[in-house]
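I opened this notebook to record what I looked up in one protein structure. The entries follow the order in which I consulted the model.

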Amino acid sequence: MCLGICNADNKKLKMNYYHKSCPSVEKIVKEITWSKVAADPTLAAKLLRLHYHDCFVRGCDASILLDATPTNSGEKTALPNRSVGGYEVIDDIKKKVEQVCPHQVSCADILTLAARDAVSYQFGRSMWQVPTGRKDGRVSIASEALDSLPSASANFSTLLGQFQDNNLDIVDLVTLSGAHTIGVTHCTLVARRLYNFTGKGDVDPSLNPNYATTLRKLCPNPINRATILEMDPQSSLSFDSHYFEALNQHMGLLGSDAALMTNSLSALIVRKMQNPHVFLAFFGRSMKKMGEIRVLAGGEGEIRKNCRVVNA
């Protein structure tokens, strides 16, 4: 088993890329991110998801941050991204960085660093290294987000295929799914599992019966679209290995969570990830790999002055 570290580091990126052009950038990103997460702990999950949704579409190029224009809807407007948040944090960081180091640091690097720092706040230290040197993309297309982002109801083979398309393996799939240890979702995404799994008004048989009963109480039929659910029961603000403990009890909330238990190797990895030390170590490795998906560097892309618009 490769355990998520098969690939060599992306040669386009390097540690301390900004040591001459903007030596204080990582300190600025960390200070602002930690301050924001301290004030609103839900931002950790939002920034992590924002980074993930960026990297799976065109690579980690900050294309998700681009606002729609009169002629282009952009990734932000795609259905999977309509519940994504954290944009204002990136705006605040970019504004400060531009004051200190004008036109030096990409939005793609800021987003990657902020995702790391958002998770790290709970631990009081940086949980993994982030090589930098990414450039920002100039293209953002809603339909690409719809096609490229894994669905909440995806089965195992579909999930693994989408991860492999991004040079990520089965260990990365399971490990990065552990991001669901924080954050929330809506009842609408689990309604079919609770009330009409096979079209006969039935419950998904892979769902823990007691958990299903609890969920049906939290999400009564007809479904209220505004009702939210913790991704990790009673642990949605704590970044830990509890998500994998829940999976082993068949308490994965989404169909894509439950899918990890339908493959023998994946299920084995889930069991290994119940150890918090193992999970945290491999999560950092897999996040580093994800942060290197199809990056633009060197003469590719640009460094946006405003993360929401391409440079004029």
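This is a predicted model: local features need pLDDT of at least 70, side-chain atom pairs count only at pLDDT 80 or more; totals for chains, interfaces and linings use all residues.

Entry 1: I looked up how the chain is divided and found domain 1, residues 24–149, and domain 2, residues 156–290. I then looked up the separation of the two domains; their centres, taken over C-alpha atoms, lie 23 Å apart. To the contact between them, domain 1 gives 20 residues and domain 2 gives 16 residues.

**Entry 2: the area of the interface.** The size of an interface is often given as the accessible area lost when the parts come together. I therefore looked up that value. Domain 1 and domain 2 bury about 1,500 Å² between them. Carbon and sulfur atoms account for 74% of this area. On the side of domain 1, I recorded L48, F56 and W128 as the residues that lose the most area to domain 2. Together these three make up 35% of what the domain 1 side buries.

**Entry 3: polar and charged links across the interface.** How many salt bridges cross the interface of domain 1 and domain 2? The rule finds 0 salt bridges there. For polar contacts between domain 1 and domain 2, I noted a count of 1 residue pair, with both residues at pLDDT 80 or more.

**Entry 4: the make-up of the domain 1 side.** I asked which elements give two or more residues to the side of domain 1 that touches domain 2. They are α2 (43–55) and α5 (142–148). Helix α2 supplies the largest share, 6 residues. Sorted by class, this side of domain 1 has 14 nonpolar, 5 polar and 1 charged residues.

**Entry 5: an aromatic pair.** A search of the whole structure gave 10 aromatic pairs. I examined one of them, W128 with F283, which is edge-to-face. Its rings are 5.7 Å apart centre to centre, with 75° between the planes. W128 lies in the loop between α4 (107–120) and α5, and F283 in helix α13 (residues 276–290), so the pair ties together parts that are 155 residues apart in sequence.

**Entry 6: a salt bridge.** The structure holds 16 salt bridges. I looked up the one between E26 and R116, in which the closest N and O atoms are 3.6 Å apart. This pair links distant parts of the chain, since E26 belongs to helix α1 (residues 25–39) and R116 to helix α4, 90 residues apart.

**Entry 7: the backbone.** I recorded a cis peptide bond between N221 and P222, with omega about 0°. P222 is placed in the loop between α9 (209–218) and β2 (228–230). I also noted A62, a residue other than glycine with a positive phi, near 60°. A62 lies in the loop between α2 and α3 (87–100).

Key: Residues are numbered from 1 along each chain as its sequence is written. Side-chain values use heavy atoms; hydrogens and water are left out. Domain bounds come from an automatic or database domain assignment. Contact means heavy atoms within 4.5 Å. Buried area is the accessible area (1.4 Å probe) that two parts lose on being put together, summed over both. A salt bridge is a side-chain nitrogen of Lys or Arg within 4 Å of a carboxyl oxygen of Asp or Glu. A polar contact is a pair of N or O atoms within 3.5 Å; within protein, one must be able to donate a hydrogen and the other to accept it, and residues adjacent in sequence count only if both atoms are side-chain atoms. Helices (H or I, at least four residues) and strands (E, at least two) are DSSP runs, numbered from the N terminus. Ala, Val, Leu, Ile, Met, Phe, Trp, Tyr, Cys and Pro count as nonpolar, Asp, Glu, Lys and Arg as charged, and the others, Gly among them, as polar. Rings of Phe, Tyr and Trp (its six-membered ring) pair if their centres lie within 6.5 Å; planes under 30 degrees apart count as stacked, over 60 as edge-to-face and the rest as tilted.
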